[in-house]
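Please look over the structure shown here before reading on. The notes after it are grouped by topic.

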Amino acid sequence: MSNFISSSIGKKLIMSISGLFLIVFLLVHLTANLFLLGGSDAFNISAHFMGTNPLIQIMQPLLALGFALHIIYSLIVQFHNWKSRPVNYAKVNQKDASTWASRNMIWLGLFVLAFLIIHLINFFWVLKFGEPETTVVNGVEMEDAYSLVAGLFINGGTLAYVYSAIYIIGFIALGMHLHHAFWSAFQTIGWSNIKWRKRLTLIGDVYAIIIAVGFSIIPIYFLFIK
Ligand code: HEM
């Protein structure tokens with residue numbers, strides 16, 4: 001078993017399975033975030049549910065593990081590729097057969113990681129370890145997660161534009177990362193063939209666009225519409 005995990009295909013399999021887990025997480029997170037468009041009560045009830053439901057509390061450490069495995073194994077596989085492949089060979093031959101996103105997955109991934117660190121400091125850290133404002137909805141006291149999110153993107157100040165730009169650039173990088181990652185993950189776990197490769201590429205592109213556009217709607221909504 002330990003031989004398999006340290007083998008090349010074992011490492012890629014861990015990257016793919018953790019990646020597929022993160023793909024599901026992104027859809028759940030986007031759905032929860034779209035409640036922001038429904039106003040403060042709708043979003044605060046949804047955030048309170050996510051923050052207190054026992055099943056979701058069990059999922060949180062698993063999510064952290066999913067991110068950790070995905071990042072660590074991506075770095076290991078990438079360093080191994082750099083070490084074993086001469087640079088010129090890679091540059092000349094890969095360009096014809098692959099997309100820009102597929103050749104730059106590590107940079108897109110690291111860019112998304114930088115976004116994620118900023119993002120966790122903005123919201124997760126404040127809600128879990130800071131002193132967030134509270135509000136009462138339907139007689140229940142809860143954290144005012146809506147004001148926290150709205151406060152970052154609203155106000156019309158320069159900082160709101162800077163954060164909106166960081167977030168939207170992060171979502172575009174995430175969309176490009178997913179454009180290659182989606183079908184590639186299915187390929188690695190063996191759920192792809194010539195017929196399905198085309199379908200998975202299309203489904204992956206639709207998914208990547210939903211994620212990039214869906215998340216981008218939120219800063220745009222607060223900045224220009226709300
Ligand atoms: C405008 C878009 C987004 C908004 C408004 C948003 C909002 C939030 C909020 C309010 C939390 C804290 C939840 C809590 O602790 O109760 C959170 C946590 C988190 N977000 Fe986001 N998020 C956005 C995009 C993203 C993206 C694109 C990713 C992944 C690349 C992401 C990954 C996470 C993770 C890993 C957590 C911590 C786990 C959790 O509490 O669910 N978020 N987000």
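Asn 104 lies in the loop that runs between α6 (100–103) and α7. The model is a predicted one. In this model the chain has 10 helices and two strands. The points below go from that loop to the overall layout, the helix packing, the core and the strands.

**Asn 104**

- Asn 104 has 17 other C-beta atoms within 10 Å, so Asn 104 is partly exposed. The count falls in between the limits of 20 or more for a buried residue and 12 or fewer for an exposed one.
- In sequence, Asn 104 and Gln 78 are 26 residues apart, and their C-alpha atoms are 11 Å apart in space.

**Overall layout**

- Along the sequence, the order of elements is α-α-α-α-α-α-α-β-β-α-α-α.
- Taken along the principal axes, the C-alpha atoms of the chain fill a box of roughly 60 × 40 × 35 Å.
- The chain has 226 residues, of which 20% count as buried.
- Take the contacts between residues at least 6 apart in sequence: 72% of these join residues at least 24 apart.

**Helix α7 against helix α8**

- Two packed helices are described by the angle between their axes and the distance between the axes.
- Helix α7 covers residues 105–129 and helix α8 covers residues 145–153; their axes are 10 Å apart, and the packing angle is about 150°.
- How are α7 and α8 oriented to each other? An angle over 145 degrees counts as roughly antiparallel, and α7 and α8 are therefore roughly antiparallel.
- The crossing of these two helices, α7 and α8, is right-handed.
- On the α7 side the contact is made by Asn 122, Phe 123, Val 126 and Leu 127, and on the α8 side by Ala 145, Leu 148, Val 149 and Leu 152.
- Sorted by class, the residues in this contact of α7 with α8 are seven nonpolar and one polar, with no charged residues.

**Helix α7 against helix α9**

- The axes of α7 and α9 cross at roughly 140° and come within 9 Å.
- Helices α7 and α9 are therefore oblique to each other.
- Is the crossing of α7 and α9 left-handed or right-handed? The crossing is left-handed.
- From α7, the residues that meet α9 are Met 105, Leu 108, Gly 109, Phe 111, Val 112, Phe 115 and Ile 118. Their partners in α9 are Ile 166, Gly 170, Ala 173, Leu 174, Met 176, His 177 and His 180.
- By class, this contact of α7 with α9 holds 10 nonpolar and four polar residues, and no charged ones.

**The largest nonpolar core**

- In soluble globular proteins, nonpolar side chains tend to be buried together.
- The largest nonpolar core has 27 residues, and the ones that touch the most other members are Leu 36, Phe 43, Leu 174, Leu 178, Phe 182, Ile 211 and Ala 212.
- The elements that each give two or more residues to this core are α3 (40–52), α8, α9 (158–188) and α10 (194–225).
- Which element gives the largest share of this core? Helix α9 does, with 11 residues.
- Apart from neighbours within four places in sequence, Leu 36 is in contact with Phe 43, Tyr 146, Val 149 and Ile 218.
- Ile 23 belongs to helix α2 (residues 8–33). Ile 23 is partly exposed, because 17 other C-beta atoms lie within 10 Å.

**The strands and the loop between them**

- Thr 134 is part of strand β1, which covers residues 134–137.
- Is Thr 134 buried or exposed? Thr 134 is exposed, because 11 other C-beta atoms are within 10 Å and 12 or fewer count as exposed.
- Leaving out residues up to four places away in sequence, Thr 134 touches Glu 141, Met 142, Glu 143 and Asp 144.
- Thr 134 and Ala 145 are 11 residues apart in sequence, with their C-alpha atoms 8.2 Å apart in space.
- Asn 138 sits in the loop between β1 and β2 (140–143). With 7 other C-beta atoms within 10 Å, Asn 138 is exposed.
- Most residues other than glycine have a negative phi. Asn 138 is not a glycine, yet its phi is positive, at about 50°.

Methods:
Residues are numbered from 1 along each chain as its sequence is written. This is a predicted model: local features need pLDDT of at least 70, side-chain atom pairs count only at pLDDT 80 or more; totals for chains, interfaces and linings use all residues. Helices (H or I, at least four residues) and strands (E, at least two) are DSSP runs, numbered from the N terminus. Two residues are in contact if their C-beta atoms, placed from the backbone, lie within 7 Å. Axes are lines fitted to C-alpha atoms, for helices over the stretch in contact, and angles run from 0 to 180 degrees between N-to-C directions. Angles under 35 degrees count as roughly parallel, over 145 as roughly antiparallel, 65 to 115 as roughly perpendicular and the rest as oblique. A crossing is left-handed if the near helix is turned anticlockwise from the far one by less than a right angle, and right-handed if clockwise. Ala, Val, Leu, Ile, Met, Phe, Trp, Tyr, Cys and Pro count as nonpolar, Asp, Glu, Lys and Arg as charged, and the others, Gly among them, as polar. A nonpolar core is a set of buried Ala, Val, Leu, Ile, Met, Phe, Trp, Tyr and Cys residues joined through C-beta atoms within 7 Å.
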